[in-house]
Amino acid sequence: MCGIIGYCGPRPAAPILIEGLRRLEYRGYDSAGIAVGRDNALTVIKRAGKISNLRGHVTPEMPGIIGIGHTRWATHGGVTDENAHPHTDGSGKIAIVHNGIIENYQPLKDRLLAEGVHFASETDSEVIAHLLAGFYRGDLEAAVKETVSLIKGTYGIVAMHSDEPGRLVGARNGSPLVLGVGEGEMFLASDVTAIIAHTRQVIYIEDGEVISVTGRDYRTTDLRDNQIVKHIDHVGWELEEIEKAGFTHFMEKEIHEQPEAIRRATTGRIDHEFATGHLGGLNLSNRELLEINRVKILAAGTSYHAAMVASYVLESIARIPTTAELASELRYRNPIVERNSLYFAISQSGETADTLYAMREVQRKGGRVLGICNVVGSTIARESDGGVYIHSGPEIAVASTKAFTSQLTAFYLFALIMGRMRDVSFEQGARFVEELESVPEKIERILADTTRIQDLARRYARYDNMLFLGRGINYPVALEAALKLKEVSYIHAEGYSAAEIKHGPIALINEETPSLFIVPDDGLRSKVINNMKEVKARQGRVIALAVEGDQEVEAIADDTLFVPRSSELMYPFLMTVPTQLFAYYCAIERGCNVDQPRNLAKSVTVE
Ligand code: AGP
């Protein structure tokens, strides 16, 4: 979603802002702009569409050593130059960028209109610039505090005033903001990827905090002006990790990074001596873990599919009733939070509003929520009562791939811990560890030759509809496969339990609606084969995703992809990878913007 970058220091601001905006592109946006300050005046350039539309207007020589930039993902008002950020007040002396949603913007706007203020855009954000102008009495920080005290909703804001040429002021409530501390220069951003080319020293701004920044120092206070001492964190990511490293797209790169990401997610977390896992961040003693008799996992999108797989694994090996919960639904269901239940909030970005608010609702009722996040220092990671980082490295493509398999890894380890405290024997635990440790190498085998998947994508990309069908633990894999295909290729795809199609979706089957069946050699194989035959009998084309050497399935299907043989519980990893590649190649075939699909945002920070 929207992205923010701010710069304050000795260097020309414009190129730094543009570069920062490029690093934020992956979040998804539809317009972009910058404001640069010089000699007590601001220059604002903003355009609908891609950052490249600013080219010609922004030059490296553009004067100004302080500035703010923004990529907008439209919520209030269409995609127009006027609605792009930064927004200014009537005098043009104040410029602001804003992420989030101002819920009470209409009454605020009505009041300002009644006072004769002219609005140049349809956005909720513009009220901030005008409110600041009303409160400004020579101190931008004070004006920001008065302004945000009136605002209801979520915000990450950075403001500048031409009368205070060396200062940026930021404020946060529910929308991330991070300060990058450089050598004689400072950066403010919504996301560390925008600034790690310049500095790895960061300070995460918390809700209710205001930060005032010059090139040399910063001051953090709350809204009552109490000073807050912040500590500097070091970002572990390397710059190369947010670059394509020879791949055509980030999605392709991230699919190929999965073996390594899974290894990283298990590093130091397997205790071979006791054939169990070790997740230090859980902040729970073994006694407390033993008392847990129910697990609920809050998530959205791909993370929700990971949660569904996790529920099968936890129930299967730890015998603990586990449910995956759509965070957006749970929050408004007046959830029943029981003693001895353990909650997880699982989120790649750690910023997904639906998941964050559901987590807060459960915590408010006294529930304990652990986070499983990728982005270090993200809001969910910080606000949860403990948790696990999956350490997949930055995931830049909007479509989540490596985070999914790393999330599974974290849950498999948790399931192992819980299982080994209950009925799983040492031998069973050791076997589970061995199987989990063999997953990266098996994925490498799938990735070593993708020509068959490419060929398949070339032939199937022309279809407008597709079904993905799986059963048991591979049912959520089918859901995830369908989500991936529709996200990046815009082919309408549905995931179903293979058993369910006879209850309705089979009506869709004809020669123009192919089905991809996930057919591992598990206890449900013969039933899935029957479902395949039902589709074939209705002239439906069938792609099977089967296990090496499964000639029976190959003989029924029109096309077959094979994955290495494995134990039942490990198939979600192996079956997922070919479906990610299939979606990727279909998107390429259809000429889609793979890394930034239309209308989508990487981190969905609005409800
Ligand atoms: C994944 O491909 C999607 N873009 C999306 O469904 C995503 O998984 C969802 O928005 C949740 O994101 P999170 O993991 O960062 O919370």
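**Reading a predicted chain**

Q: How far apart are the mean positions of the positive and negative charges of the chain?
A: In this predicted model, the mean positions of the 64 positive and 80 negative charges lie 2 Å apart. Lys and Arg count as positive, Asp and Glu as negative.

Q: How many helices and strands does the chain have?
A: The secondary structure amounts to 18 helices and 26 strands.

Q: Which radius of gyration does the chain have, and what does the globule rule give?
A: The rule gives 25 Å for 607 residues, and the chain has a radius of gyration of 25 Å, so it is as compact as a globular protein of that length. Along the principal axes, the C-alpha trace spans about 75 × 55 × 45 Å.

Q: What share of contacts joins residues at least 24 apart?
A: Take contacts between residues at least 6 apart in sequence. Of these, 71% join residues at least 24 apart.

Q: What share of the residues counts as buried?
A: Buried means under 20% relative accessible area. By that cut-off, 61% of the 607 residues count as buried. The accessible surface of the chain comes to about 22,600 Å². Carbon and sulfur atoms hold 48% of that surface.

Q: How many disulfides does the structure hold?
A: A disulfide needs two cysteine sulfur atoms within 2.5 Å. The structure holds 0 disulfides. For Cys586, the nearest cysteine sulfur is that of Cys592, 9.4 Å away.

Q: Is Cys586 buried or exposed?
A: Cys586 is buried, because its relative accessible area is 0%. Cys8 also counts as buried, at 3% relative accessibility.

Definitions and conventions: Residues are numbered from 1 along each chain as its sequence is written. This is a predicted model: local features need pLDDT of at least 70, side-chain atom pairs count only at pLDDT 80 or more; totals for chains, interfaces and linings use all residues. Side-chain values use heavy atoms; hydrogens and water are left out. Buried means under 20% relative accessible area, exposed over 50%, partly exposed in between (1.4 Å probe, protein chains only). Helices (H or I, at least four residues) and strands (E, at least two) are DSSP runs, numbered from the N terminus. The radius of gyration is taken over C-alpha atoms; the globule rule is 2.2 Å times the number of residues to the power 0.38. Contact means heavy atoms within 4.5 Å. Accessible areas come from the Shrake-Rupley method with a 1.4 Å probe; for residues, only the protein chains shown count as cover. The place of a charge is taken as NZ of Lys, CZ of Arg, CG of Asp or CD of Glu.
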